[in-house]
Amino acid sequence: MSDSEFDEILDVSEFKDLVDEPELLSLLAENRQEIAGAVRSLVDRCLEDGEFQVRLADTIETVIEEGCGEDQAVLWIVAVLAEARSQTAIHTLLRSFAMEEEENLSHAAGIALLRIGVPAIEALMEWVDEEPGTDLRRLTYRLLGDCGVLDEQGYIEDVKEFLRTRVIREQAREPGERAVEDAVAASARLGDHEFLESLREIFAGVFDGRNASIQDSIELLEENPDGIPFVPTITAWEETYGWLFEEDLESHKVNRGEVETEDSLHHHDDHCDEDCQE
């Protein structure tokens, strides 16, 4: 190992050396109860102090720049800002979501954007309209396909309409640059039955009836004529952070019998992508 490589190892920053807020050091605890208490305390502080939200978002930016974006304490900060529904942090969370090389941070930021709700989803849709790379567009469509968990059910219609425009735009790209399958899958998960005939035309005209992913999405919509968005039994937020906030997960569970038929569930299980949070 060269001297420069050894020096680089010695210069690696640690989370505790980068934060200015003493309260954040409590996130380094190893005891689950202590972490839960620290996270809830920070959420309360955020709700009382908007400037504190700004400082937490700045902390995320700082630690990412120093190569600590995957530290567990950073992921707890993301959860704090999400539970506080911090609109101040949306752009920081969007940048975190777009960091594909920071897989854990990107995943946590996606869950956080959904938790914040409509303002975050609006920002996400504006961002994808700026045409990021193919992989990021795929990631974004998958997240939009989970919008069935939003409290503002009426807003899902806006997401459906957005996805329709994105499907049209994606199918017109060169084959190697398309993310059309993911956009179509998101529409299907949201139950956009009104888009079904257009999807059939795209499937037949653009793909000559030879695209297994789009065919699966069409079949999923055909089995959901009422256009009910898919909602998992336990949301990604509840699964990941429910224990932190002492949520009664049973009270949040969706009665699948009311939202999907047994056949459609079987179909979904057969064709579920790796990003499914069930």
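Start by selecting Glu170 and Arg137: both are buried, where buried means under 20% relative accessible area, exposed over 50% and partly exposed in between (1.4 Å probe, protein chains only). This is a predicted model: local features need pLDDT of at least 70, side-chain atom pairs count only at pLDDT 80 or more, and totals for chains, interfaces and linings use all residues. Residues are numbered from 1 along each chain as its sequence is written, and side-chain values use heavy atoms, leaving out hydrogens and water.

**Stop 1: the Glu170 and Arg137 pair**

Zoom in on the two side chains. Glu170 and Arg137 form a salt bridge, with the closest N and O atoms 2.6 Å apart. A salt bridge here is a side-chain nitrogen of Lys or Arg within 4 Å of a carboxyl oxygen of Asp or Glu. Glu170 is in helix α10 (residues 156–171) and Arg137 in helix α9 (residues 134–144); the pair links distant parts of the chain, 33 residues apart. Helices are DSSP runs (H or I, at least four residues), as are strands (E, at least two), numbered from the N terminus.

Now widen the selection. Asp129, Glu131, Arg137, Arg166, Arg169, Glu170 and Arg173 are linked in a network of salt bridges.

**Stop 2: Ala179**

Select Ala179 next. Ala179 sits in the loop between α10 and α11 (180–189). Its relative accessibility is 0%, so Ala179 counts as buried. What does Ala179 contact, leaving aside its neighbours within four places in sequence? The partners are Thr134, Arg137, Arg138, Tyr141 and Glu170. Contact means heavy atoms within 4.5 Å.

**Stop 3**

How many salt bridges does a search of the whole structure find? The search finds 23. Select Arg95 and Glu61. Their side chains meet in a salt bridge at 2.5 Å, N to O. Arg95 lies in helix α6 (residues 90–97) and Glu61 in helix α4 (residues 50–65), so the pair ties together parts 34 residues apart in sequence. Arg95 is partly exposed, at 46% relative accessible area.

Move to Glu222 and Arg200. This salt bridge spans 3.0 Å, N to O. Glu222 is in helix α13 and Arg200 in helix α12 (residues 196–205), so the pair ties together parts 22 residues apart in sequence. Glu222 is partly exposed, with a relative accessible area of 39%. Arg200 is partly exposed too, at 32%.

**Stop 4: Asn224**

Select Asn224, in the loop between α13 (212–222) and α14 (236–241). Is Asn224 buried or exposed? At 13% relative accessibility, Asn224 counts as buried. The Asn224 side chain reaches the backbone oxygen of Ile228 at 2.8 Å. Leaving aside neighbours within four places in sequence, Asn224 is in contact with Gly191 and His193.

**Stop 5: helix α6**

Colour α6 by accessibility. The helix is mostly covered, with six of its eight residues buried. Those buried are Ile90, Thr92, Leu93, Leu94, Ser96 and Phe97. The buried residues of α6 pack against α4, α5 (72–83), α7 (103–116), α8 (118–128) and α9.

**Stop 6: aromatic rings**

The whole structure holds four aromatic pairs. Rings of Phe, Tyr and Trp (its six-membered ring) pair if their centres lie within 6.5 Å; planes under 30 degrees apart count as stacked, over 60 as edge-to-face and the rest as tilted. Trp76 and Trp243 form an edge-to-face pair, 5.9 Å centre to centre with 80° between the planes. Trp76 is in helix α5 and Trp243 in the loop between α14 and α15 (249–252), so the pair ties together parts 167 residues apart in sequence. Trp76 is buried, at 8% relative accessible area. Trp243 is partly exposed, at 28%.

Next, select Phe97 and Trp127. Their ring centres are 6.5 Å apart and their planes lie at 70°, so the pair is edge-to-face. Phe97 belongs to helix α6 and Trp127 to helix α8, 30 residues apart. Both Phe97 and Trp127 are buried. Finish the rings with Trp237, Tyr241 and Phe245, which form one aromatic cluster.

**Last stop: charges over rings**

Return to Trp243. Arg32 lies over the face of Trp243, at 3.9 Å from the ring centre. Arg45 lies over the face of Phe52, at 4.1 Å from the ring centre. A charge sits over a ring if NZ of Lys or CZ of Arg is within 6 Å of the ring centre and within 35 degrees of the ring normal.

Technical notes:
Polar contact = N/O pair within 3.5 Å; in protein donor to acceptor, adjacent residues only side chain to side chain.
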